[in-house]
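Subject: Structure for you to look at

Hello,

Here is the structure I said I would pass on. My notes on it follow below.

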Amino acid sequence: MSYEPPRPAGRLLLTPDDKEAPARTVRLRGLGLGRGPEPALDDYAARLAAHTATPYAMVNFPDEDGQFYAGLHAPARGPAGPDGGDRPVLGRRLPRDHGFCPHVVVRRKALVLEDVGDYPRFAGNPVVDEFGIRSYLGAPLIDSTGMVLGTVSVADTAPRAWGRGGLETIKATAADLAVRLEGGPAYRVPPA
């Protein structure tokens with residue numbers, strides 16, 4: 001019999017099992033992605049953040065070791081925490097149990113969370129307390145083989161009514177970027 005320590009009260013962490021992670025890692029390496037930050041993907045994320053008026057926008061390539069944001073737009077300072085001090089700003093790497101992108105990858109569908117506090121499954125996620133994330137909008141990057149390469153997403157520190165327009169934007173952005181990623185250097189010139 002094994003012993004598993006109890007989880008803190010209020011934390012319901014149900015990160016889905018990502019059975020495609022080993023194959024995704026191989027595919028990403030074959031495309032030359034997922035090893036380091038990509039300035040063109042940072043630009044892509046910055047344009048997406050500006051378009052959606054969000055503080056965070058990410059191009060995430062989850063692998064066997066966790067999540068890696070090859071494209072990232074983040075504010076210079078984190079939002080105020082409960083003690084009045086600044087929370088940390090999201091960095092390039094996160095464990096698999098942090099955030100909502102792992103759910104998008106396994107579900108293979110867009111995820112809209114207007115207020116993560118409304119969803120017990122997501123309200124206890126570490127990014128809520130650590131980074132102050134309160135809303136999320138993400139879609140999978142599905143390549144021509146049907147593999148989910150990762151996600152494109154935006155997040156805010158306040159609840160957001162993303163609406164149908166937000167959902168359509170993130171899905172179209174993901175479809176466009178997936179084609180560009182597979183095309184090699186073409187992705188280096190993101191659309192305006």
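Some notes on the source. This is a predicted model, in which local features need pLDDT of at least 70 and side-chain atom pairs count only at pLDDT 80 or more, while totals for chains, interfaces and linings use all residues. Residues are numbered from 1 along each chain as its sequence is written, and side-chain values use heavy atoms, with hydrogens and water left out.

The chain as a whole

The protein chain has six helices and six strands (DSSP runs numbered from the N terminus: H or I of at least four residues for helices, E of at least two for strands). Along the sequence they follow the pattern α-α-β-β-β-α-β-α-α-β-β-α. Of the 192 residues, 48% count as buried, meaning under 20% relative accessible area, with exposed over 50% and partly exposed in between (1.4 Å probe, protein chains only). Among contacts (heavy atoms within 4.5 Å) with a separation of 6 or more, 66% are between residues 24 or more positions apart.

T25 and helix α1

T25 is found in helix α1, residues 21-30. T25 counts as buried because its relative accessibility is 13%. Beyond its neighbours within four places in sequence, T25 is in contact with D63 and E64. Its C-alpha atom is separated by 9.8 Å from that of R35, 10 residues apart along the chain.

The buried residues of α1 include A21, R24, T25 and L28. These lie on the same side of α1, because they cover an arc of only 105 degrees around the axis (the arc of the directions from the helix axis to the C-beta atoms). An α-helix has 3.6 residues a turn, so residues three or four places apart point the same way. The cover over the buried residues of α1 includes α3 (101-107) and β6 (148-156). On the face turned away from the buried side, α1 carries the exposed residues V26 and G30. After α1 comes G32, whose phi is positive, near 75 degrees.

Regards
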